[in-house]
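Here is a friendly briefing to read alongside the structure. Have the sequence and the coordinates open as you go.

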Amino acid sequence: MRSFLRRLAVTALLAPAAVGAATMIASPAEAAPAKASEQALQTEVNRLTNIERTSHGCPALAVNAQLTEAARGHSGWMAQSGKFSHTGRSGSSFVTRVKAAGYTKPSAENIAWGYRSASAVVDGWMKSPGHRANILNCKSKTVGVGVVYTASGTPYYTQNFGY
């Protein structure tokens with residue numbers, strides 16, 4: 001159970017918080033283009049998320065490049081720093097990261113680390129009430145997933161939703 005809680009963020013952000021002062025988002029090195037293995041995981045997480053949504057009566061989400069950029073940047077920062085948090089570089093929130101990437105209506109963020117497959121991470125999120133609520137929020141219209149591996153091969157996941 002401790003391992004599960006460690007890999008899965010206990011708290012999921014359900015609504016955008018007030019945007020504070022401008023903060024830095026991930027550096028270009030952290031938001032580098034996805035490797036083939038990362039891209040495959042990102043695509044599969046999106047597919048499985050949409051299966052969950054449509055099976056629960058919500059419309060499928062459209063993949064958004066700006067949300068994906070923000071998600072990859074945050075996953076890259078977590079993978080590089082070893083920190084696992086919704087709070088990112090320089091105290092940034094998912095709202096500030098998503099808006100800095102050019103997306104104006106952020107909805108929510110899910111994070112995870114260590115899961116070796118897309119089905120395992122989506123299953124983990126669906127077993128967590130807050131993350132499940134984010135996935136099944138029928139008001140969300142778009143999604144971006146970022147998967148970045150550490151040097152030792154551990155994947156960090158960020159899933160950003162938008163209205």
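Of the 19 residues in the largest nonpolar core, which touch the most other members? They are Val45, Val121, Trp125 and Tyr157. Please keep in mind that this is a predicted model, in which local features need pLDDT of at least 70 and side-chain atom pairs count only at pLDDT 80 or more, while totals for chains, interfaces and linings use all residues. Residues are numbered from 1 along each chain as its sequence is written, and side-chain values use heavy atoms, with hydrogens and water left out.

**The nonpolar core**

- A nonpolar core here is a set of buried Ala, Val, Leu, Ile, Met, Phe, Trp, Tyr and Cys residues joined through side-chain atoms within 4.5 Å, where buried means under 20% relative accessible area, exposed over 50% and partly exposed in between (1.4 Å probe, protein chains only).
- Helices (H or I, at least four residues) and strands (E, at least two) are DSSP runs, numbered from the N terminus.
- Leaving out residues up to four places away in sequence, Val45 touches Ala118, Val121, Val122, Trp125, Val145, Tyr157 and Gln159; contact means heavy atoms within 4.5 Å.

**How α2 meets α5**

- The two helices pack at an angle of about 40°, and their axes are 9 Å apart; the axes are lines fitted to C-alpha atoms over the stretch in contact, with angles from 0 to 180 degrees between N-to-C directions.
- On the α2 side the contact is made by Leu41, Glu44, Val45, Leu48, Thr49 and Glu52, and on the α5 side by Ala118, Ser119, Val121, Val122, Trp125 and Met126.

**Tyr149**

- Tyr149 sits in strand β3 and is partly exposed, at 22% relative accessibility.
- Beyond four places in sequence, Tyr149 is in contact with Ser37, Glu38, Leu41, Ala79, Thr154 and Pro155.
- Tyr149 and Ala34 lie 115 residues apart in sequence and 9.8 Å apart in space, C-alpha to C-alpha.

**Lys141**

- You will find Lys141 in the loop between α6 (129–135) and β3 (142–149).
- Lys141 is partly exposed, with a relative accessible area of 46%.
- Not counting residues up to four places away in sequence, Lys141 touches Leu61, Ala62, Gly162 and Tyr163.
- From Lys141 to Leu61 the separation is 80 residues in sequence and 5.1 Å in space, C-alpha to C-alpha.
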